[in-house]
Amino acid sequence: MSASHSSSVERAPTLALGAPLSRAAFWLRSRLFATPVSAVVSLALLYLLLRWGWDFFGWAVLHAIWQVPHDAAGLPQTGVCRAAEGVGACWAVVAEKYRFILFGFYPYAQQWRPAICVLLFIGLYAASAQQRFWRRELALIWAVALVLIGALMWGGFAGLPLVADDQWGGLPITLILATFGLAGAFPLAVLAALGRRSRGMPAVRMLCVCYIELIRGVPLISLLFMASVMFPLFLPAGVDIDKLLRAQIAFVLFAGAYLAEVVRAGLQALPKGQSEAADALGLGYWQKTMLIVLPQALRQVIPMLVNTFIGFFKDTSLVLIIGIFDLTTTGRTAIDEPAWQGFGNEIYLLLAAIYFTFCFAMSRTSARLEHLFSRGQRR
Amino acid sequence: MQTARVLLPLMSMVLGLLALGAPARAAGSGSATLDAVQARGQLLCGVAGDTAGFSIADSQGVMHGIDADGCRALAAATLGDAAKVKFVPVTAQSRFTALQSGEVDVLIDETTWTLGREASLGLLFGVVNFYDGTGFLVKKSSGVTAAKQMDGATICVLPGTSTELAIADYFRLNNMKFTPIEIQDIQQIRGAFLSGRCDAYSTDASALAAFRFTLGDRAGDYLLLPDIISKEPLGPMVRKGDDKWFDIVRWTSYAQITAEEAGITSANIDSFASTNDPNIRRLLGLEGDLGKAMGLDNRWAYNVVKQVGNTGEVWARDITPLGVPRGINNLWTKGGLLYAPPMR
Amino acid sequence: MSASLAAPPRRRLRLSWSDARLRGLVWQVLILGAVALLIWYLARTTAHNLATRHIATGFAFLDHAAPIPIGETLIDYTPSVSSYGRALLIGVLNTLKISIVGCLLATVLGTLIGIGRLAPNWLLARLCGAYVEGLRDIPLLLQLLFWYGLMQTLPAPRRALHPLAGVFLSNRGLRVPALAWRPGDGWVLAAFGIALLGAFLWARHAARRRDATGRGLPLWPAALLVLGLPAMVAIALGAVPGLDRPALHGFNFQGGLLISPEYAALLIGLVVYAASYIAEIVRSGILSVSTGQWEAAQALGLRRGAVLRLVVLPQALRVVVPPMTSQYLNLVKNSSLAVAIGYQDIVSIANTTLNQTGQAIEGIALIMAVYLTISLSISLFMNWYNVRIALVER
């Protein structure tokens, strides 16, 4: 539906062409130089693109420093990079620090473990994006893979040394916070959404509305502060919940409220007849909800769920404020070392590229699913 | 509209949470912290984790710096092994709660010892591991040579530090005005100062010296003003009410100072095994029961010096590479402030 | 909450004390009881912890002098003299300052990009598409750091860019001349307000007239009123408002109006980020207007710009407003990242307060209360606006 609209809008000023032109020239004329205004815009944009692109190329490739010498003690000598500051990029900082940025404080010799976990995560995401893998087994695979990831990260068996979770860092933390956050938030969100729509239980509805609106009304960093600063005061002395888990709980609560609204949208979009038919069959509330309502409602909102997930994925970067070493924090800490101070742009570019890769892949998936579903709807 | 009805009582609920509070009661029982550390077999040590010279991770993720070494010394004293430390990175905001709630056993996080903190946080400082003071770094080309010339200046500071308090007081006292730029990110502060966004960068003088040192060839363009406008004694913090633990933290540091006074280093400590100096014999646990009295092994100080080194060694390892002169952080016999009470 | 229990729901007409209803009641009592128990337990433990850990409580600190240096203030403030309460109020005002301006600019930029994505020019449409995709997929925090870094490449005050008389752009920010405030200016301002009201009434009258008779009234009298009345008052009072021009004194520019690099970087970052979401909303809003509307408008001989402005956008508005509300809320909440680049919003100042006083619970509750209030106000305003445009559009 949307496709037909956009094409009609785009094709609105199609010109009648006199001379026989080649296809490329026709395309250029109709798409870039259709009107004088359009031509000016095109030329200006082209100029800016080429100019900025060339400057960037010069900085990032032509004048870049790829490695620096080390002194006798094995310490990097960054004088070359300092001399090139502002002219060329110092990619040597990435070469030196990439393992710390990716894996943080994880014991250096054991870093193959988080590396495998990252690959597992990517594999899981990739498999889940394919509609042909959407079977019951997928849930099982997820469960097995997540357990495997936990086991690999912690270790403590089969000769793998135990690595406590406060030594974890970098990309695995980002993936763990986002994935487990979503996994934990999902049941919560479904309950909150159902509660918010329940007619018969005003008190429960009130409670759900309170939870959803309270969380959605405050910034994530205030929740993270609460988890890191206030939460320890809530617990009796001696009971101590580890920092990563506290951040994870904050994330689950946060994600739960936003997902609840997504789920609610799905519930609202479901025709009333479905629910009435289930009633007519004599199904109880939970039977009706689990077998009839939720499967249809959730399927509807899968693209929205993916988009929300992209949001959480980016939001995990905020844990730097409470001192958990996720990808952003390790990146920032890497350049606190005196020898490498001042090469922030290179590191931030690397981080941006990593986040972009993940988010872009997910947003493509979301768009593809949306397209798929809307096609299915029309049929 | 429904949201409005719901949110208003909710907000009052949030505010209502604050009305909590009960009369203060004393708590604590002997050396609960030491028991916990020994039962766990690991010391939980709160550090900043991002400050060169104090606690910072290298490319392999290993912590370096005098705060990190302070943690190691404490682990060596209590557990006999300097490696049995778990470094818990804390932020300026979360550090006090982390200690209050027992998330860490000790906080060695460049925290300035002030009366206000001891009075209102339920925490106290064990000892001073670094005597610092608030200073200013300026561009030489600005022509400023003294802090009093900075009326109207723009100054970059880290929020949530005692630097803020020091500057606010100093400018008010001297009836001068300034514009603060408060940036939480050290990288951003660095950029802001070097690009000229701020006329001065103010923080602890040691950090300024270290910062200047990182500039390499360009260090000569920047001037560390001679004025030190505040005292910033930095040191480890512990919870109030566990006096035995407090003693251990304090005396671990004194043991390192005493070792430096006596010329004992990690390299030559074993050659003192046959010494007849009673002070050294007591320090190394060769005679007397000083360790037992504190609930530790009698070889505790030996472990500290052997595995981590004396104060001078720690300084040479962590601070000297930053180009910071030792100054008042030297032994009292060498014109500094380090002075350990007798260990007997 | 207990009130809702005491008065069982009456919407259902099943008057019999049916089984389902009893079950519902029992469930509600159980759930509410559990929640109340949890809250009571947490509150009790917290109170106990605060007491045994000797942590100060209460809001007495709000009256204490606050040694927090603050760079940008809308109201008078002296560090170490003014109170914490005042410092926090400045934080709230700073948050409002960035949020309101940010929402306005993000709407404008987002709408332009959204329209740009549908532009016939292939390059423009593609670039707008790349903008939307690119910016949505990179965390805002990194973007803010980038913009702030960019601000620092501006020249130092002594070599400030000087594009117009009295305008200086340097790494200390943008200085523009401001109207100097003089005693008589209150009256001029009042006259300006009255003139604006008059112009608004005139415009409304003109619109009614156009609707009724098909022939509008000229709008120049309104413009004349807005410019003329304040000028007349000013001349009558003999107090022609002067310009406060910025000039370089000592370290920095003095006088005029300042837009600091921190504010600018945060504003640009928030606006550019929010605009990438708003652009998508606007685009789908435009696409939701049926093709027939485009064709009919084109058949009337309207140009593309006029079709958009007069026919499509007003109809798209109805679809666009609800999702837009949540983008505004996001922008406000995202402004809490200010602390990373040195703009002192409520989070930054409450943080410093929390750090200096050690009272975490109070500090965080204040932050939450402020954001809840702002979010609530925006929701209410947008609901009102939504209802209003829905009425106008039938």
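The model is predicted, so local features need pLDDT of at least 70 and side-chain atom pairs count only at pLDDT 80 or more, while totals for chains, interfaces and linings use all residues. Residues are numbered from 1 along each chain as its sequence is written, and chains are lettered from A and ligands numbered from 1 in the order in which they are written.

Select chains B and C to begin. Their contact takes 51 residues from chain B and 56 residues from chain C, where two residues are in contact if their C-beta atoms, placed from the backbone, lie within 7 Å. On the side of chain B that touches chain C, there are 26 nonpolar, 16 polar and nine charged residues; Ala, Val, Leu, Ile, Met, Phe, Trp, Tyr, Cys and Pro count as nonpolar, Asp, Glu, Lys and Arg as charged, and the others, Gly among them, as polar.

Next, colour chain B by its domains, whose bounds come from an automatic or database domain assignment: domain 1 (32-130 + 233-330) and domain 2 (133-231). The C-alpha centres of these two domains of chain B lie 30 Å apart, and twelve residues of domain 1 of chain B are in contact with nine residues of domain 2 of chain B.

Finally, select residues 84-117 and 122-136 of chain C, which are helices α3 and α4, helices being DSSP runs (H or I, at least four residues) numbered from the N terminus. Where they meet, C:I113, C:G116 and C:R117 of α3(C) touch residues of α4(C), including C:L124 and C:C128.

Methods
Axes are lines fitted to C-alpha atoms, for helices over the stretch in contact, and angles run from 0 to 180 degrees between N-to-C directions. Helices (H or I, at least four residues) and strands (E, at least two) are DSSP runs, numbered from the N terminus.
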